[in-house]
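Please look at the sequence and the structure shown below, and keep both in view while you read. The paragraphs that follow go from single contacts to the chain as a whole.

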Amino acid sequence: MFGTQSQRDLPLEFQSQIPILRPSIHTRRANLTVKFQDLYGFTVEGNVDDVNVLNEVREKVRQQGRVWWSLEANKGANWYLQPSISEGIALKSSLKFSALANAITLKRLIRKGIPPVLRPKVWFSLSGAAKKKSTVPESYYNDLIKATEGKVTPATRQIDHDLPRTFPGHPWLDTPEGHAALRRVLVGYSFRDSDVGYCQGLNYVAALLLLVMKTEEDAFWMLAVLLENVLVNDCYTNNLSGCHVEQRVFKDFLAKKCPRIAMHLEAMEFDVSLVATEWFLCLFSKSLPSEVKAILSLSKIETC
């Protein structure tokens with residue numbers, strides 16, 4: 001008599017007064033999971049709003065692509081290969097206005113994103129990789145790979161251990177062909193620079209370079225110019241001293257730009273390097289969606 005009643009047992013006039021609780025459209029959208037492959041073959045999982053954000057990023061890149069194609073039509077296919085500002089400083093009297101204008105335009109374009117089809121050429125040219133490659137014989141990479149075949153070192157053993165753990169599930173990287181290509185790049189560089197050899201984190205950097213640059217040799221030279229000319233010295237040596245320097249700079253930058261977050265972390269006695277070390281060693285290749293990484297990566301190698 002005094003027990004609870006189900007809605008169907010109540011009189012119709014009372015049923016009409018009971019609100020029907022349905023999830024809002026925003027809740028339903030948030031709970032709807034979508035899976036798809038991105039530009040570089042990685043599986044992306046998120047809700048509808050996440051997909052919409054990614055589509056907005058892609059649309060901005062497409063819009064940037066139209067700007068790049070327009071400039072190529074007006075200035076020529078390789079207009080951005082003219083001397084950079086840093087190179088022109090030593091020759092102030094001979095630095096042409098057109099070269100300066102090109103450098104300023106290029107910096108703005110890079111910060112807004114490079115069209116995917118142009119990334120291999122732009123990265124290779126502006127990073128200094130093309131210049132570094134030109135200083136050695138044409139057969140340098142192939143000769144290096146042949147000379148290192150069958151050799152076993154602590155670096156090669158660690159590389160073999162890390163190959164299956166590098167972006168597992170990727171449709172190309174996680175295959176015998178992908179493992180072989182990544183191994184050749186990493187082993188080749190470990191013999192090129194014995195001070196670095198191999199450090200965990202380089203496998204993710206080299207893997208992303210392979211996906212963007214398309215060829216092993218170009219990925220190898222991109223890796224070389226990053227470690228030898230762009231990044232802080234000793235980032236990947238045994239003591240990781242360069243990485244420690246980056247961590248200190250990051251902490252200072254965090255305190256300057258985000259003081260409330262820095263104070264909160266300090267109050268919790270949380271060392272941000274516990275999470276940030278991987279960001280820097282992997283150059284954010286494990287921390288950001290691949291399409292975002294490809295848009296932002298040239299901030300590390302910007303030379304204009």
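Arg66 is exposed, because its relative accessible area is 52%, where exposed means over 50%, buried under 20% and partly exposed in between (1.4 Å probe, protein chains only). The side chain of Arg66 meets that of Glu59 in a salt bridge with 3.8 Å from N to O, a term that stands for a side-chain nitrogen of Lys or Arg within 4 Å of a carboxyl oxygen of Asp or Glu. Glu59 has a relative accessibility of 31% and therefore counts as partly exposed. Together with Arg62, the residues Glu59 and Arg66 are linked in a network of salt bridges.

Before going further, note that this is a predicted model, in which local features need pLDDT of at least 70 and side-chain atom pairs count only at pLDDT 80 or more, while totals for chains, interfaces and linings use all residues. Residues are numbered from 1 along each chain as its sequence is written, and side-chain values use heavy atoms, with hydrogens and water left out.

By the rule for salt bridges, the count comes to 11. One of them joins Glu228 and Arg192, with 2.8 Å from N to O. This pair links distant parts of the chain, since Glu228 belongs to helix 12 (residues 216-230) and Arg192 to helix 10, 36 residues apart; helices here are DSSP runs of H or I with at least four residues, strands are runs of E with at least two, and they are numbered from the N terminus. Glu228 is partly exposed at 26% relative accessibility, and Arg192 is partly exposed at 26%. Another salt bridge brings together Glu278 and Lys286, at 3.2 Å from N to O.

How many aromatic pairs does a search of the whole structure find? The search finds 12, counting rings of Phe, Tyr and Trp (its six-membered ring) whose centres lie within 6.5 Å, and calling planes under 30 degrees apart stacked, over 60 edge-to-face and the rest tilted. Trp68 and Trp79 form a tilted pair, with 6.2 Å from centre to centre and 45° between the planes. Trp68 lies in helix 3 (residues 48-75) and Trp79 in the loop between helix 3 and helix 4 (85-89), so the pair ties together parts that are 11 residues apart in sequence. Trp68 is buried, with a relative accessible area of 0%, and Trp79 counts as buried at 2%.

The rings of Phe167 and Tyr204 have centres 5.1 Å apart and planes at 80°, so this pair is edge-to-face. Because Phe167 lies in the loop between helix 9 (154-162) and helix 10 (176-192) and Tyr204 in helix 11 (residues 202-213), the pair ties together parts that are 37 residues apart in sequence. Elsewhere, Tyr140, Tyr141, Tyr189, Phe220 and Trp221 form one aromatic cluster.

Finally, consider the chain as a whole. The chain contains 17 helices and 2 strands, and 38% of its 304 residues count as buried. Of the contacts with a separation of 6 or more, 65% are between residues 24 or more positions apart, where contact means heavy atoms within 4.5 Å.
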